[in-house]
Amino acid sequence: MPNDTLSITDNRTGKTYEIPVVDDTIRAMDLRQIKVNAGDFGLMPYDPGYTNTAACKSRITFIDGDKGILEYRGYPIDQLAEKSTFLEVAYLLYYGELPTKEQLQTWTNAITTHTLLHENTKGFMGGFHHDAHPMGMFISTIAALSTFYPEAKDIFNPETRLRQINRLMAKVPTVAAFAFRHQLGMPYAYPDNDLSYSGNFLNMLFKKTEVKFQPNPVLERALDVLFILHADHEQSCSTSSMRLVGSAQTDPYSCLAAAAAALYGPLHGGANEAVLLMLQEIGSKDRIPEFIQKIKNGQGRLMGFGHRVYKNYDPRAKIIKETADQVFEVTGRNPLLDIAIELERIALQDEYFVKRRLYPNVDFYSGIIYQAMGFPTEMFPVLFAIPRTIGWLTQWEEMLLDEEQKIGRPRQVYLGPTQRDYVAMHLRSQ
Ligand code: ACO
């Protein structure tokens, strides 16, 4: 008997089943043969929140949450953050290999030529209320872009698909910057294609009346590093949303809007906004113990702490902490940093957090840097969505080309009433 199987004995019937084990997984469908009566539906795994369910096979991003390892296509995140640029990493994620000089040039050109938005988009964005949340504007505008590019529906045509990927990569910073300036009541600043991806983004955000905007090289590099760190994170809530919506063969703009909507939530991309609000609420270092006690009493969560996958220090949080020092040399120190450092120190010694293996995640320090760079908190999830776009698109394409994938459609355990007859309204009791 081969030993790469799992023997399951159903104590209800005494029957034993041999289930193949491949890549440390069993197929959920192999459980369906396990029944008490021939007419039964068969056994299903029950896994709310998909905490132990692999929904796909992927070759893009590897995480070992216990050891705190994150790799894109096998390259450790710290090496990429130190040596690479965001567009190079985006190429790596999408194509699977680091680009040659020529390949990077072609990729950069393909993205740069698409940075402008159709002028009608401006009118569309102008319709939002002056204080509209930029993430709400971002999500809706990305979804609206699908109406400008109806050919995007042709998702199995590789050329059309690549064109949409280039377009989305190019346009997400423009949409994000327009959303930012809309809030401020500033005229939209058009892209400057002479600048780097991050440099141009800073230009579209902060350009005033100068003829040519010169990004600060330290802030430009810091933003690029933050973009590298956020580019992909395997099957996160937003990426799973991208795959799930994409499994219905929806166009990539609509899928990306759905992924961004998932990212908007405070338990996901909204966490760094929540971290800043939390640090502001704490206000000073001496109030930290009282705050921690509230968390331990079940009154809220320590935002920026804990992760579904990492049960160790998030490797991205370490790099962000280093980046913070460089940014603060330019912008001046954000006073919230001292509260954050002290909060981390106290939490990492507290039994509640130690026992549950709760460490700082990527969002714990990123918000402090973004604030120092001049971003309002509402922009934080938008800043996350820009680099994650290439991760979402790469994962979406992998899903589309995976012959094992089908439309995503989970099962349920039905616990509601059994069949009963309709009761006329005058006969219903209160
Ligand atoms: N503060 C206090 N307690 C926490 C925290 C936290 N941040 N996170 C988890 N816990 C506790 C839970 O209360 C639970 O305790 P219990 O066993 O006594 O009930 C235990 O730790 C396990 O928590 P779960 O909710 O089961 O962990 P899960 O994997 O479902 O949640 C999550 C992960 C959502 C990230 C969670 O840690 C959290 O809410 N963190 C704060 C929000 C945050 O920072 N999100 C950003 C994540 S990174 C990203 O999306 C880019």
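## Around the ligand

A polar contact is a pair of N or O atoms within 3.5 Å. Keep that cut-off in mind as you look at this predicted model, starting with Leu-267: a backbone N or O atom of Leu-267 sits 3.2 Å from a nitrogen atom of the ligand. Leu-302 also uses its backbone, with a polar atom there lying 2.7 Å from a ligand nitrogen atom. Arg-301 takes part through its side chain instead, where an N or O atom is 2.8 Å from an oxygen atom of the ligand.

Now for the wider surroundings. How many residues surround the ligand? There are 19, and the closest are Arg-301, Leu-302, Gly-304, Arg-308 and Asn-361.

## Helix H5 meets helix H6

Let's turn to the helices. Two packed helices are described by the angle between their axes and by the distance between those axes. For H5 (residues 134-148) and H6 (residues 158-184), the axes come within 9 Å and cross at roughly 140°. That makes H5 oblique to H6, and H5 passes H6 in a right-handed crossing.

Which residues of H5 meet H6? They are Pro-134, Met-137, Phe-138, Thr-141, Ile-142 and Leu-145. On the H6 side you will find Leu-168, Lys-171, Val-172, Val-175, Ala-176, Ala-179, His-182 and Gln-183. Sorted by class, the contact of H5 with H6 has ten nonpolar, three polar and one charged residues.

## Helix H5 meets helix H17

H5 has a contact with H17 (residues 380-401) as well, and here the axes come within 8 Å and cross at roughly 35°. H5 passes H17 in a left-handed crossing. The residues that make this contact are Pro-134, Met-135 and Phe-138 of H5, together with Pro-381, Val-382 and Ala-385 of H17. By class, the contact of H5 with H17 has six nonpolar, no polar and no charged residues.

## Helix H9 meets helix H10

One more pair to explore is H9 (residues 237-246) and H10 (residues 252-263), whose axes come within 8 Å and cross at roughly 150°. H9 passes H10 in a right-handed crossing.

From H9, the residues in contact are Cys-237, Ser-238, Ser-241, Met-242, Val-245 and Gly-246. They meet Pro-252, Cys-255, Leu-256, Ala-258, Ala-259, Ala-262 and Leu-263 in H10. By class, the contact of H9 with H10 has ten nonpolar, three polar and no charged residues.

Notes:
Residues are numbered from 1 along each chain as its sequence is written. This is a predicted model: local features need pLDDT of at least 70, side-chain atom pairs count only at pLDDT 80 or more; totals for chains, interfaces and linings use all residues. Side-chain values use heavy atoms; hydrogens and water are left out. Axes are lines fitted to C-alpha atoms, for helices over the stretch in contact, and angles run from 0 to 180 degrees between N-to-C directions. Helices (H or I, at least four residues) and strands (E, at least two) are DSSP runs, numbered from the N terminus. Angles under 35 degrees count as roughly parallel, over 145 as roughly antiparallel, 65 to 115 as roughly perpendicular and the rest as oblique. A crossing is left-handed if the near helix is turned anticlockwise from the far one by less than a right angle, and right-handed if clockwise. Contact means heavy atoms within 4.5 Å. Ala, Val, Leu, Ile, Met, Phe, Trp, Tyr, Cys and Pro count as nonpolar, Asp, Glu, Lys and Arg as charged, and the others, Gly among them, as polar. A residue is near a molecule or strand if one of its heavy atoms lies within 4 Å of it. A polar contact is a pair of N or O atoms within 3.5 Å; within protein, one must be able to donate a hydrogen and the other to accept it, and residues adjacent in sequence count only if both atoms are side-chain atoms.
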